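Please walk through this chain one part at a time. The text below asks a question and then leads from the inside of the model to its surfaces and spaces.

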Amino acid sequence: MADAARRLLAPLALLGGGGLPVLALGRGAEGRRALNTSLLSALPVPRDADFDGLKIFVYELPGVFNSRLLREVQTWGRRAGSNCDFLLSPCTESSWFGKTSQARQRGAEVIVLRKLLAAPAHVLTTDWREADLFVVPYLAATDCLLGGFQRNCVRTFSPGPQDVLEHLEHYGPATRHRHLFLATADMHSLPLVVQAQPLLASLGPALAGHPGHLVVPPAVLEAEFQ
C-alpha cells in the first residue's frame, strides 16, 4: 500500500485546472458540502496511470478539519499582504511575507488532497469494503500552523486529530495501514497521534523502520517553475 501511495504522491507539481469529478465521499452529500469550497475548485488534471488498479475511499469529515482550515490560513495570508492563495494554484509572491510565505512551503498536503479528490470517477468508491486506500481529508500541518506550530503540535485550531479518529468508522487493526494521513510539516511539529500512523505523508527526514512514512518535498508554487 505504501508503494501505491508513493506513486500517487510523485507528481506533486500538477497544480493546473481541470473539471470537477463526481466525488464518492463516505455515505453521502455531507462530505461534499464540507469540501465544496476552494478545495474543489480547478482541481489538477489526474493521470490515470497514477491510479491504476486502485480503489479509493475518501472519508467525510466536518469542514473544520479541511475547508475551514484552508479558509483561515488564506485569510491570514491576505492580512499579511500576500498576493497568492494557499497552494491552490501556481503563484509567485511579490515579496517575502514572513510566516505566511514560510507556511506555503509546508502546505503540500493541500496539493496531495486535491490530487486525490481529482481521481477518476471509477477509482473513487463509496464502498469501504472494496477500498485499497482510505484517504483522511484532514490538513494536519495546516491545523498545527494555525494553532501556533509548536513542538508535537500541542495546540490546534480544530478539535484536533483525536477527534478526527472518532470520525473514521472503518479505521481499525485490519485497515489502519491503508489509511493515508496528510501532514506535510516536520515530524516533530506534528501531533503524536499523527506521528504514530502507519501510512503518513510528511516532510523529511524519513523515519527508520517506518515503511509507510512517505516523505514529501516542500511545496514549490512559483509559476515560473511549473
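Which residues in α5 are buried? The buried residues in α5 are A108, E109, V110, I111, V112, L113, R114, K115, L116 and L117. That makes ten of the ten residues of α5, so the helix is mostly covered.

The mean pLDDT of the chain is 83, and 84% of its residues reach 70 or more. Over residues 11-32, pLDDT stays under 50. The model still has 63 contacts beyond four places in sequence for residues 11-32. Where pLDDT is low, the predicted coordinates should not be read in detail.

Now take the chain as a whole. It has eight helices and five strands. Along the sequence these follow the pattern α-α-β-α-α-α-β-α-α-β-α-β-β. Of the 226 residues, 53% count as buried. Among contacts with a separation of 6 or more, 68% are between residues 24 or more positions apart.

L133 lies in strand β2 (residues 133-139). The C-alpha atoms of L133 and I56 are 4.9 Å apart, although the two residues are 77 residues apart in sequence. L133 has a relative accessible area of 0%, so it is buried.

Charged side chains come next. Side chains of opposite charge can pair when their charged atoms come close. How many salt bridges does the count come to? The count comes to four salt bridges. In one of them, the side chains of D50 and K115 meet at 3.1 Å, N to O. This pair links distant parts of the chain, with D50 in the loop between α2 and β1 (56-58) and K115 in helix α5 (residues 108-117), 65 residues apart. Are the two partners buried or exposed? D50 has 3% relative accessibility, so it counts as buried. K115 counts as buried too, because its relative accessibility is 6%, and buried means under 20%.

Another salt bridge joins the side chains of R106 and D186, at 3.8 Å, N to O. R106 lies in the loop between α4 (99-104) and α5, and D186 lies in the loop between β3 and α8 (192-195), so the pair ties together parts that are 80 residues apart in sequence. R106 counts as partly exposed, at 21% relative accessibility. D186 also counts as partly exposed, at 22%.

The side chains of D127 and R129 form a further salt bridge, at 3.3 Å, N to O. D127 counts as partly exposed because its relative accessibility is 29%. R129 has 64%, so it counts as exposed. Salt bridges that share partners also join R47, D50 and K115 into one network.

How many cavities of 30 Å³ or more does a search of the whole structure find? The search finds one. About 40 Å³ of space lies in the largest cavity. F86, A103, R106, A141, T142, L145 and F149 line this cavity. R106 is therefore a lining residue here as well as a partner of D186 in a salt bridge. Helix α6 (residues 140-146) gives the most to the lining, with three residues. By class, the lining divides into five nonpolar residues, one polar and one charged.

Pockets are open, whereas a cavity is a space from which the probe cannot get out. The largest pocket holds about 160 Å³ of space. Its lining is made up of T92, E93, S95, W96, S101, R104, Q105, A219, V220, L221 and E222. Four of these lining residues are nonpolar, four are polar and three are charged.

How values were computed
Residues are numbered from 1 along each chain as its sequence is written. Side-chain values use heavy atoms; hydrogens and water are left out. pLDDT is the predictor's confidence in each residue, from 0 to 100. Contact means heavy atoms within 4.5 Å. On a 1 Å grid over the protein atoms alone, a cavity is a set of points where a 1.4 Å probe fits but cannot get out, and a pocket is an open set with protein on both sides within 12 Å along at least five of seven lines; lining residues have an atom within 4 Å of a point. Grid points are joined across faces, edges and corners, and a volume is the space filled by probe spheres set on the points. Ala, Val, Leu, Ile, Met, Phe, Trp, Tyr, Cys and Pro count as nonpolar, Asp, Glu, Lys and Arg as charged, and the others, Gly among them, as polar. Helices (H or I, at least four residues) and strands (E, at least two) are DSSP runs, numbered from the N terminus. Buried means under 20% relative accessible area, exposed over 50%, partly exposed in between (1.4 Å probe, protein chains only).
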